[in-house]
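Here's a quick walk through one model, written for someone seeing it for the first time. Take a look at the sequence and the structure, then read on.

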Amino acid sequence: MNAIPAAKHDPVAPLRREWTRLTAAQRISRWLVWLVIVAAVAWAVRSIDIIPEFLEDAPEQMADLLVRMWPPDIAHYYPAVHDALIETLHIATLGTVFCFTLAVPLALMAARNICPIRPLNTLAQLGLVASRSVNSLVWALLFVAIFGPGAAAGVFAIAFRSVGFVGKLLSEALEETDHGPREALRAAGASWGGEMLKGVWPQVQPAFWGIALFRWDINVRESAVLGLVGAGGIGLVLDDAINFFQWERVATVLLAILAVVLLAEVIVTRIRARLL
Amino acid sequence: MSASMTASAPAAGLASALEIRGLVKEYVAGKPVLRGVDLAVPAEGITAIIGPSGTGKSTLIRCINRLVEPTRGSIKLHGEELTGLSGRGLRLARRRIGMVFQEYNLVERLSVMENVLSGRLGYVPLWRAWLRKYPAADIERAFMLLDAVGLPEHATRRADALSGGQRQRVGIARALMQRPDILLADEPTSSLDPRTAVEVLELLTRLTAAEGVPVIINIHNVDLAKRYARRIVGMSGGSVIFDGPPEQLETHHLRAIYGGEDWM
Amino acid sequence: MSATTSPSPTRRVAFAPNWPMRIALLLLLAYTVWASSRLGLTWDRVAHGMGEGGKLLARMVPPNFERWSLLLEGLLESLQIAVLASAIGILLSLPLGLLAARNLSPWFVAGPVRAVIAVCRSLHYVIVAILFVKAIGFGALAGTAALVVASIGFIAKLFAEAIEEISMKQVEAIRATGASALKVIAYAVLPQVASRFIGFCLYQLDSNLRNSTLVGIVGAGGIGGTLFAAFKRFDYDFVAAILLSIIALIFLAEIISGRVRAALR
């Protein structure tokens, strides 16, 4: 009972079967994808405006910069960097709090099971998308033009950028809620407000806090750069230090930002673990 | 009945393929899982290792191809010492040792054919493996093995589309694809229903007999072990306490291996 | 009735008042008021700002597309930055992600690589861009370098996490055939994570495109430089044109990557 004929006396050599990993169509589509990728990269490399001399001594210059940053000027931290850091945190937190005044109504309007009027859904979606497609730094430029330089512009930039993000996630959470409790409350004669407060809010509450914390974490990162366009916070201190080539101070600021960003992340993970 | 049962030649007359001497494995220092195992595996037929869970059967098998690092002792495959090998030497030794796993361990997102051909990874150069440009002879053998395990039409299906029994057949084909000097099977039937388990064991016995590959198999089911193995090794508490042909395995041995007798 | 003010011990409370939550909300409210006043956010200022905002909006319409060639040039440069940064970032993230996965590489390799990735991720790309501008000069090179750093921070991290979630049984089986480390990666690791990796890459391409329209604000090339210049010159109608073009570009990219993702599934 020789189940596996040895290759030596192979009687069906002419019937030898071919195996390829992909069908012809799959192979062609893979080649096309690679072709598109290679073509895009080739186009970018050929036409991008990079000065060869810059590219050549880039590693050297980077190393030079890092050397000049060492050691960080820790003495500079208090009070200049510290105050700016606190201001940055205020901007991030206030921006997150204020964004909800716009995000909650828009989310309610965008959720199809809450607001049955289709044109209003679309309108709210459009508002959320508009908020998201403009970067917080661009929002900051706009609000600096409106309020003048300072932290107020930063708070508004963060708030307006967050509306789209928070509103989208919130409306998705709303659309996932169970219809049953609302129906029961309506049957018991509850008003719209009562329905929302006792039928919908308990269902989205965990998601709500999760989203708020998530966005706050992002906002801490984002608010650190707003100062570069004059919207307050630690970015301003960083910009000054860079413009005056005080690299030891730059290092201090960078370390401070790094510490706060990591701290924010730790805090958020802790609170989320306790909430959820 | 299968060929291996009827051709039950005296094991003593054969040269052994694998020799294990004084094998000790301690995952935690001072708490050995294997306490000095001595074992000689004959050059053909199935050797079944039986014993309660947690007695180190799986560790023993994994020490042979060094998926588990033995603490002390010697393992010789056709006279070549396996302990202490590393890097290329270890890979060359591993490609001579086929292995079939309890949960099949197929790469689920690859096709059946790619899984079978992966048995040649120890032989083909990296670029061939990467581009799936295997030698024609390898592909031919893979098809023959798929025929032999009864899955020729499944070659291009993804492994996760197969049933448990089918997956284990692919696992056997993959192991035999290595043209191994010895085949290790770690509880190959424990995840299968009784009927499929018998089918898979039948297949394993038939194919390895045809290829002349000796098999070491860990198995829970004593009846199946007695039916298919030429030799039975009973382990308990990290030591071998029975070693002989299935006919000699008596009730008192089983009592010693598994303890108690309520289960019998 | 006095019972309403101090409930008798026999009365059961239907809803246990969530005091910690109430206190937390009150504190948040107090903080908001206090912090607003510290940052000089007053009603007067907001009301004044609203008026200014109206004027600004009035100056933005109609958007002025007269300098469309400048606009197109900036957009194309942003696109180039995004494509290059994504390509280089993906190429670097592959080995870095593999090295950072704690189930495949030893701790003395995984640890330092993870630290590098964490730093890449924690620094905002605009900050990285300024540093590159100062070190290697104005232009697209600095922007590309900054976005490469950002791409590594995102792709390599998620890739490493995806690898840490793979089934090690499949790895063990391939290792048992005598395959070398690179073959194990090709046959047991990549098949398990390839589709997720492509997903991360597409996502990062998307965000690189968004971010490449911005790094120009600090002089790192792309449309952002044109935008910032227009802001400084109070050319608000041109600003509107640039913003609309950026939004259109991002929208287009989002639609395309959505299609690609759907096709991959």
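This is a predicted model: local features need pLDDT of at least 70, side-chain atom pairs count only at pLDDT 80 or more; totals for chains, interfaces and linings use all residues.

Residues are numbered from 1 along each chain as its sequence is written, chains are lettered from A and ligands numbered from 1 in the order in which they are written, and side-chain values use heavy atoms, with hydrogens and water left out.

Back to chains C and A. Contact (heavy atoms within 4.5 Å) links 57 residues of chain C with 60 residues of chain A. There is one salt bridge across this interface, and it joins the side chains of C:Arg121 and A:Glu265 at 3.3 Å, N to O. For a salt bridge, a side-chain nitrogen of Lys or Arg has to lie within 4 Å of a carboxyl oxygen of Asp or Glu. What does the chain C side consist of, by class? It has 40 nonpolar, 10 polar and seven charged residues. In this scheme Ala, Val, Leu, Ile, Met, Phe, Trp, Tyr, Cys and Pro are nonpolar, Asp, Glu, Lys and Arg are charged, and the others, Gly among them, are polar.

| Interface | Buried area | Share on carbon and sulfur atoms |
|---|---|---|
| Chain C and chain B | about 2200 Å² | 62% |

The contact with chain B takes 20 residues from chain C and 30 residues from chain B. In chain C, the residues that lose the most area to chain B are C:Thr177, C:Lys183 and C:Tyr187, together 32% of what that side buries. Two salt bridges are counted between these chains; C:Glu172 and B:Arg62 meet in a salt bridge through their side chains, at 2.9 Å, N to O. Helices α7 (168-176) and α8 (181-212) of chain C each supply at least two residues of the side that touches chain B, and the largest share, nine residues, comes from α8(C). Helices are DSSP runs (H or I, at least four residues), numbered from the N terminus. By class, this side of chain C has 10 nonpolar, six polar and four charged residues.

Now for chain A itself. An automatic or database domain assignment divides chain A into domain 1 (19-47) and domain 2 (72-275). Taken over C-alpha atoms, the centres of these two domains are 40 Å apart.

A:Ser223 sits in α9 (residues 192-223). Is A:Ser223 buried or exposed? A:Ser223 counts as buried because its relative accessible area is 0%. Leaving out residues up to four places away in sequence, A:Ser223 touches A:Thr88, A:Ile91, A:Ala92, A:Ile158 and A:Gly232. A:Gly193 is also in helix α9 of chain A, but A:Gly193 counts as partly exposed because its relative accessibility is 39%. The cut-offs are under 20% relative accessible area for buried, over 50% for exposed, and in between for partly exposed (1.4 Å probe, protein chains only). A:Gly193 and A:Phe244 are 51 residues apart in sequence and 57 Å apart in space, C-alpha to C-alpha.

Key. Buried area is the accessible area (1.4 Å probe) that two parts lose on being put together, summed over both.
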